[in-house]
Amino acid sequence: AFDVLVVGGGPAGAAAAIYAARKGIRTGVAAERFGGQVLDTMGIENFISVPETEGPKLAAALEQHVKAYDVDVMNLQRAEKLIPAGADGLIEVQLASGASLKAKTVVVSTGARWRQMNVPGENEYRNKGVAYCPHCDGPLFKGKRVAVIGGGNSGVEAAIDLAGIVSQVTLIEFDAQLRADAVLQRKLYSLPNVKVITSAQTTEVTGDGQKVNGLIYKNRATGELSTVELEGIFVQIGLLPNSEWLKGTLALSPRGEIEVDARGQTSLPGVFAAGDVTTVPYKQIVIAIGEGSKAALSAFDHLIRSSAP
Ligand code: FAD
């Protein structure tokens, strides 16, 4: 059995594995796709101390760092079920492959995925104008025109944030009204370079073959189609935590995020969680790395306090 089994191989999982392995305890990582969301990222400019890098490069560096330690890396393994410790004191993680792993402690770091619009052009122009993270990609659109899709809290926050960087923000909301908190809406409507369009369904992302040049939306009342010319589109219609497999096992927030305390402890003793899959706010690489390290230290603390040898 592992002392610490990490489930998920993004920045949070990599950090947890390194911190655990450095304690000289038996450490494993099971990941569906080692590298996580970082693999899908082009430019990264906010990995502190590295002014500029690329996702695949950072993912390779994470893997190399993990493999410098005695860590059992099990890539292309999807966890399907977590079974709390029984009489033997071991937590079981069942994999889609049919195999099952046992561990004294588990760190869940299965991350999240952005909900997509699923319209023509969205995938084609991903990272070529279609973006999901204003903290990450906002500065790339300095002085340009962008749209934000979604009028919930994250969409309106993104629009306010981007309005200070770009020349023009068009916020597009499917419903007849925005769903963001009133204080955010007041701020939004006070900004001179933001236009809000409600009852609008985005139907297509258009581009010149290289980059985004606009979007088409349908007025849901009249059915009329309109075009917005722009250089960037920030899709803010939800971040979905990869926690479906833990429903009924760990306490999750209404949004499906694993509830953790300041030490990364979940509702189940011996099970810790870190990164985008948790309730910890601001989904960023440096934050996931910090939280992963913290969860591994908490797992180690749990091990030295429990009676099992
Ligand atoms: P993830 O990176 O999501 O990793 C999750 C891991 O768990 C993966 O290995 C996945 O395969 C695995 N997994 C999922 N489900 C299972 C399962 N059931 N069983 C086993 N394994 C599973 N952040 C920044 O700080 N700067 C940026 O510039 C930046 N740009 C971004 C651009 C894009 C396009 C995207 C999508 C995100 C960007 N982010 C950026 C956000 C950043 O990538 C995430 O905050 C970070 O990767 C979260 O790390 P994580 O380890 O929690 O989860």
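Two strands pair if DSSP finds at least two bridges between them. By this criterion, strand 14 is joined by 7 bridges to strand 15 (residues 212–219), and the two run antiparallel. Strands (E, at least two residues) and helices (H or I, at least four) are DSSP runs, numbered from the N terminus.

The model is predicted: local features need pLDDT of at least 70, side-chain atom pairs count only at pLDDT 80 or more, and totals for chains, interfaces and linings use all residues. Residue numbers start from 1 along each chain as its sequence is written.

Val205 has Leu215 in strand 15 as its bridge partner.

A further open sheet has 5 strands in the order 10-17-11-12-13, with parallel pairing. Its edge strands, strand 10 (130–131) and strand 13 (194–197), each pair on one side only. Within this sheet, 4 bridges link strand 11 (residues 145–149) and strand 17 (residues 232–235) in the parallel sense, and Ile149 stands opposite Val235 in strand 17. Helix 4 packs on the sheet and touches strand 11, strand 12 (168–172), strand 13 and strand 17; the direction of helix 4 makes about 165 degrees with that of strand 11.

**Helix packing**

Two packed helices are described by the angle between their axes and the distance between the axes. Axes are lines fitted to C-alpha atoms, for helices over the stretch in contact, and angles run from 0 to 180 degrees between N-to-C directions.

| Helix pair | Angle | Axis distance |
|---|---|---|
| Helix 1 and helix 2 (residues 55–67) | about 20 degrees | 9 Å |
| Helix 4 (residues 153–163) and helix 5 (residues 182–189) | about 30 degrees | 10 Å |
| Helix 1 and helix 6 | about 35 degrees | 7 Å |

Angles under 35 degrees count as roughly parallel, over 145 as roughly antiparallel, 65 to 115 as roughly perpendicular and the rest as oblique. Helix 1 and helix 2 are therefore roughly parallel to each other, and helix 4 and helix 5 are therefore roughly parallel as well.

Residues are in contact if their C-beta atoms, placed from the backbone, lie within 7 Å. Pro11, Ala14, Ala17 and Ile18 of helix 1 meet Leu62, His65 and Val66 of helix 2. This contact of helix 1 with helix 2 has 6 nonpolar, 1 polar and no charged residues. Ala, Val, Leu, Ile, Met, Phe, Trp, Tyr, Cys and Pro count as nonpolar, Asp, Glu, Lys and Arg as charged, and the others, Gly among them, as polar.

Between helix 4 and helix 5, Asn153, Val156, Glu157, Ala159 and Ile160 meet Leu184, Gln185, Lys187 and Leu188. The classes in that contact of helix 4 with helix 5 are 5 nonpolar, 2 polar and 2 charged.

Helix 1 also meets helix 6; the residues involved include Pro11 and Tyr19 in helix 1 and Ile285 and Phe300 in helix 6. The contact of helix 1 with helix 6 has 15 nonpolar, 3 polar and 1 charged residues.

**Ligand surroundings**

Of the 38 residues around the ligand, Gly8, Gly10, Gly36, Gly111 and Gly275 come nearest. A residue is near a molecule if its C-beta atom, placed from the backbone, lies within 6 Å of it. Helix 1 (11–21), strand 2 (27–31), strand 9 (112–114) and helix 6 (285–305) are the elements that give two or more residues to this shell. The shell comprises 18 nonpolar, 14 polar and 6 charged residues.

How values were computed
Two residues are in contact if their C-beta atoms, placed from the backbone, lie within 7 Å.
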